[in-house]
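Morning, everyone. Please open the sequence and the structure side by side.

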Amino acid sequence: MAIHNTAADAANTAVRAFLTEVGEKYWGKIFNTGTGSGKAIWNKIKNEIFGGCCCYCGKRPDKLQLEYLIMFNREEYGLHHPGNIVPCCTDCNKRKKDNNGRHVSWEENLRIICTESGQEGSFEQRRKNIMKHHTEGEYAYPPLTDNENHSIRVMAESLYSSIKTEIEKSLILYAKLTEAFVVKEPEK
Ligand SMILES: [Zn+2]
């Protein structure tokens, strides 16, 4: 839970809820990685498909975190879907940025991590493993058309701005109401 909750936090949460619901529509059922069948799928992706290793650096830490290949936010609008999640270690769970301060794609992220750790030779194999999980197998991510991707972006942006606007409207309304209801000191 955030320590300081801003209107932007609320709007971002709404966008993630939307990306979750859309992802689950394509997947065909609820996908809660914290419980039941969703948790079983996440465990299978972690322990069987990726053999308990970080998909980027290949290490086998005690605890693997959930990483979205296509980022689950307003930069990339990735869906919450089994084909979009991979395991990674704490160190690798911070997407690298390019020279313009924008986060890089998962492929570029993998390339940077392999290069920085002197494991250039492992890049291609790791890329293939991730790509196979993302596009083939039983959990393949839906092959969205340009139109679908565009619609997701438009809806997410509209949702983001309306949540922010609602909070701003509430503040204005609150100011008006308190002005109307506040008990003023009698004039002398
Ligand atoms: Zn790692």
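Start with a definition. Four donors count as tetrahedral if all angles lie between 85 and 135 degrees; four count as square planar and six as octahedral if opposite donors are over 155 degrees apart and all others between 65 and 115; anything else is irregular. Donors themselves are N, O and S atoms within 2.8 Å of the metal, or 3.2 Å for Na, K and Ca, and water is not among the atoms, so sites may look incomplete.

Two notes on the source. This is a predicted model, where local features need pLDDT of at least 70 and side-chain atom pairs count only at pLDDT 80 or more, while totals for chains, interfaces and linings use all residues. Residues are numbered from 1 along each chain as its sequence is written, and side-chain values use heavy atoms, with hydrogens and water left out.

Now the zinc ion. Which protein atoms are its donors? They are the SG atoms of Cys54, Cys57, Cys89 and Cys92, lying 2.3 Å from the ion. The angles between these four donor atoms run from 102 to 115°, so the arrangement is tetrahedral. For reference, the ideal angle for four tetrahedral donors is 109.5 degrees. Along the chain, the donors follow the spacing C-x2-C-x31-C-x2-C. Cysteine 54 and cysteine 89 are 35 residues apart, and the pair links distant parts of the chain. Cysteine 54 is in the loop between α2 (36-49) and β1 (65-68); cysteine 89 is in the loop between β2 (85-88) and α3 (106-116). Those labels come from DSSP runs, numbered from the N terminus: helices are H or I with at least four residues, strands are E with at least two.

Are these cysteines buried or exposed? Buried means under 20% relative accessible area, exposed over 50%, partly exposed in between, using a 1.4 Å probe and protein chains only. Cysteine 54 is at 3%, so it counts as buried. Cysteine 89 is buried too, at 5%. Cysteine 92, in the loop between β2 and α3, has 7% and is buried.

Next, what touches them? Contact means heavy atoms within 4.5 Å. I leave aside neighbours within four places in sequence. Cysteine 54 then contacts Lys59, Leu64, Pro87, Cys88, Cys89 and Cys92. Cysteine 92 contacts Cys54, Tyr56, Cys57, Asn109 and Ile113. By C-alpha, cysteine 92 and leucine 110 are 9.1 Å apart in space and 18 residues apart in sequence. Cysteine 54 and arginine 126 are 9.9 Å apart by C-alpha, with 72 residues of sequence separation.

On to the helix pair. Two packed helices are described by the angle between their axes and the distance between the axes. Axes here are lines fitted to C-alpha atoms, for helices over the stretch in contact, and angles run from 0 to 180 degrees between N-to-C directions. α3 packs on α4 (residues 123-135) at about 150°, with the axes 10 Å apart. Under 35 degrees counts as roughly parallel, over 145 as roughly antiparallel, 65 to 115 as roughly perpendicular and the rest as oblique. α3 and α4 are therefore roughly antiparallel.

Last, the loop between β1 and β2. Leucine 79 sits there. Its relative accessible area is 0%, so leucine 79 is buried. Outside four places in sequence, its contacts include Leu19, Gly23, Tyr68, Tyr141 and Ile152. The C-alpha atoms of leucine 79 and glycine 23 are 4.8 Å apart, across 56 residues of chain. Tyrosine 77 is in that loop between β1 and β2 as well. Tyrosine 77 has a positive phi of about 55°, although it is not a glycine. At 8% relative accessibility, tyrosine 77 counts as buried.
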